[in-house]
Amino acid sequence: QVQLVESGGGLVPAGGSLRLSCAHSGRTFDMDSLGWFRQAPGKEREFVAAVSWSGKNFDYSDSVKDRFTISRDSAKRTVYLQMNSLKPEDTAVYSCATVRTPNDTYTYTSPYAYDYWGQGTQVSVSS
């Protein structure tokens, strides 16, 4: 069974940085596309970023583009989300998700495309 375990969340002041990690196990990492989503209290789950097999194809939401960077390390079976210039509106529970894709061109922005999810990690940004 596929398992995803996030870490790296915390409380930071506005303008600060955090790096989230998501460790993947249970099936071949290099054939999965991975994504990060977030959900703030009272709001719907929101797409943040996604990366394809090779790590060469990306997708970002407009709200985080140029501030967040998604990457993956095959040797560590881990996907990362580097978050810079954090804003109070970035406060949310961040979750990673994974899906098997037919080739390296696929990244998905819809949460319904993903078949396994982590438990989430809280990110809080103070003003």
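The radius of gyration is taken here over C-alpha atoms, and the globule rule is 2.2 Å times the number of residues to the power 0.38. For the 127 residues of this predicted model, the rule puts a compact globule near 14 Å, and the chain agrees because its own value is 14 Å. Along the principal axes, the C-alpha atoms fill a box of roughly 40 × 30 × 25 Å.

The chain contains 11 strands and 0 helices. Of the contacts with a separation of 6 or more, 62% join residues 24 or more positions apart. Buried residues amount to 43% of the 127.

Rings of Phe, Tyr and Trp pair if their centres lie within 6.5 Å, and planes over 60 degrees apart count as edge-to-face. By this rule there are 7 aromatic pairs. Two of them are listed here.

| Pair | Centre to centre | Angle between planes | Class |
|---|---|---|---|
| F37 and Y114 | 5.3 Å | 80° | edge-to-face |
| Y114 and W117 | 6.1 Å | 65° | edge-to-face |

F37 is buried. Y114 also counts as buried, because its relative accessibility is 6%, whereas W117, at 26%, counts as partly exposed. Ring pairs join F37, Y114 and W117 with F47, Y106 and Y108 in a cluster.

How values were computed: Residues are numbered from 1 along each chain as its sequence is written. This is a predicted model: local features need pLDDT of at least 70, side-chain atom pairs count only at pLDDT 80 or more; totals for chains, interfaces and linings use all residues. Side-chain values use heavy atoms; hydrogens and water are left out. Helices (H or I, at least four residues) and strands (E, at least two) are DSSP runs, numbered from the N terminus. Buried means under 20% relative accessible area, exposed over 50%, partly exposed in between (1.4 Å probe, protein chains only). Contact means heavy atoms within 4.5 Å. Rings of Phe, Tyr and Trp (its six-membered ring) pair if their centres lie within 6.5 Å; planes under 30 degrees apart count as stacked, over 60 as edge-to-face and the rest as tilted.
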